[in-house]
Amino acid sequence: MPQSPHRLWIDATLFDGLDAAAEPMAVAVKDGRIDWLKPMRALSEADRAGFELVDAEGRLLTPGLVDCHTHLVYGGNRAGEFEARLEGKSYEEIARAGGGILSTVRATRAASEEELFAAARPRLEALMADGVTTVEIKSGYGLDLENELKMLRVARRLGRELKVRVVTTLLGAHALPPEYKDDADGYIELVCQRMIPAAAAEGLADAVDVFCENIAFSVAQCERVYAAARAHGLAIKGHTEQLSNLGGSAAAARAGALSVDHVEYLDEAGVEALAEAGTVATLLPGAFYILRETKVPPIELLRRHGVPMALATDANPGTSPIFSLRLMLNMACTLFRLTPVEALRGVTAQGARALGLQRECGRIVPGMAADLCLWDTDNYAELAYSVGLPRLVHRIVAGEPA
Ligand code: NIG
Ligand code: FE
């Protein structure tokens, strides 16, 4: 294999995943990783030796974007449900009548692995075109052993065949499948005794997620899932406090969750639990927007308690049929009043942390994977301010154009 050239990015306006640099920077990439950084004014001729130079011409260099919460693999779509909601039906009403998630379950079960791959690919390519270099993909529309594993295999294959890092999450406890109607505990047993062990044994899942909600699973049921996940060495995440406040976020934090996601209805006790455990709060403004939610996540409390905030698309056929992480930057600022810096951290450093990848990607510091985006602007705030521009000039994964 030819050795990939060492590259030196010069004259970059840098946002390193947490902060903006005060002056133009040079970034050295060796063997797919960030080797060192220097201000341009301190760069000597000797520093440049042995590198292929890439002149950023003052443009903005950021870490490759991390979309830490998606449901990209699914069959069918829910445009009909979108119309029903416009005619006045609520998300919960549709779910209780067997539509919503369960309609996607029917379509996903009916689809072959090949069909699911072909359907998911353009969704992922849309995210990649937007600067995403790491993506998390959940199962959760199979709701039986065979179909949950099928979804995870498709997610793994996307990671092998496309130039993007894929992290997979088993979301068996997403909804109650019709076969277990009136036996939620029996279904949780299946998730814990069959799905988690199988997904772990086959190396198909990096984490386990749950939907903790009145229309899904109770805190006690989610805690059983967390215990099984931990017993199999898998990380934990939760869809919590999306539609009501059940205390699911605090329970997830106590179990050592990497992140709790949605969190519109999170209260101060929940925020304190996250702060204590170091759990990330992942904000999903796309679902908030599509559901026309009015309860904004407790941003000020999260700030005050120093809880890291990640930001993701939640790309899914029901609550967030949105395949643009950059749109989330704008929505997080407009709808949730995040600052552009907080929003950008949410799709870089904090997004990586929400996946347990904080030592691997999401920052431009020595030792990290050289996943980079070069944007046609010299102002990081433009990424959040504008929708559709600035243009993505280069997308780099592990040091290579992708
Ligand atoms: O993140 N909250 C539950 N799950 C998804 C929605 C899935 C769906 O409606 O298909 C979410 O919003
Ligand atoms: Fe989700």
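These legends go with a few close-up views of a predicted model.

**View 1. Around ligand 1.** Let's start with the ligand and its surroundings. A shell of 13 residues sits around ligand 1, and those that come nearest are His239, Ala287, Asn316, Gly318 and Thr319. Sorted by class, that shell holds eight polar residues, four nonpolar ones and one charged residue.

**View 2. The annotated binding site.** In an unreviewed UniProt entry, the feature "binding site" is placed at Tyr141, Asn316 and Gly318. These positions are spread over 178 residues of sequence, yet they cluster in space, with a largest C-alpha distance of 11.5 Å.

**View 3. A closer look at Tyr141.** You'll find Tyr141 in the loop that runs between strand S7 (132-138) and helix H6 (145-161). Tyr141 counts as buried because 31 other C-beta atoms lie within 10 Å, and 20 or more is enough for that label. Leaving out residues up to four places away in sequence, Tyr141 touches Tyr74, Thr104, Val105, Thr108 and Met151.

**View 4. Asn316 in its loop.** Asn316 belongs to the loop between strand S13 (309-311) and helix H13 (325-336). Is Asn316 buried or exposed? Asn316 is buried, because it has 26 C-beta neighbours inside 10 Å.

View 5. Ile34 is part of strand S3 (residues 33-39). With 23 other C-beta atoms within 10 Å, Ile34 is buried too. Now check out Leu372: Ile34 and Leu372 are 338 residues apart along the chain, but their C-alpha atoms are separated by 9.8 Å.

Terms used
Residues are numbered from 1 along each chain as its sequence is written. Chains are lettered from A and ligands numbered from 1 in the order in which they are written. This is a predicted model: local features need pLDDT of at least 70, side-chain atom pairs count only at pLDDT 80 or more; totals for chains, interfaces and linings use all residues. A residue is near a molecule or strand if its C-beta atom, placed from the backbone, lies within 6 Å of it. Ala, Val, Leu, Ile, Met, Phe, Trp, Tyr, Cys and Pro count as nonpolar, Asp, Glu, Lys and Arg as charged, and the others, Gly among them, as polar. UniProt positions are given in the numbering used here, feature names are shortened, and annotations may be inferred rather than shown by experiment. Helices (H or I, at least four residues) and strands (E, at least two) are DSSP runs, numbered from the N terminus. A residue is buried if 20 or more other C-beta atoms lie within 10 Å of its own, exposed if 12 or fewer, and partly exposed in between; C-beta atoms are placed from the backbone. Two residues are in contact if their C-beta atoms, placed from the backbone, lie within 7 Å.
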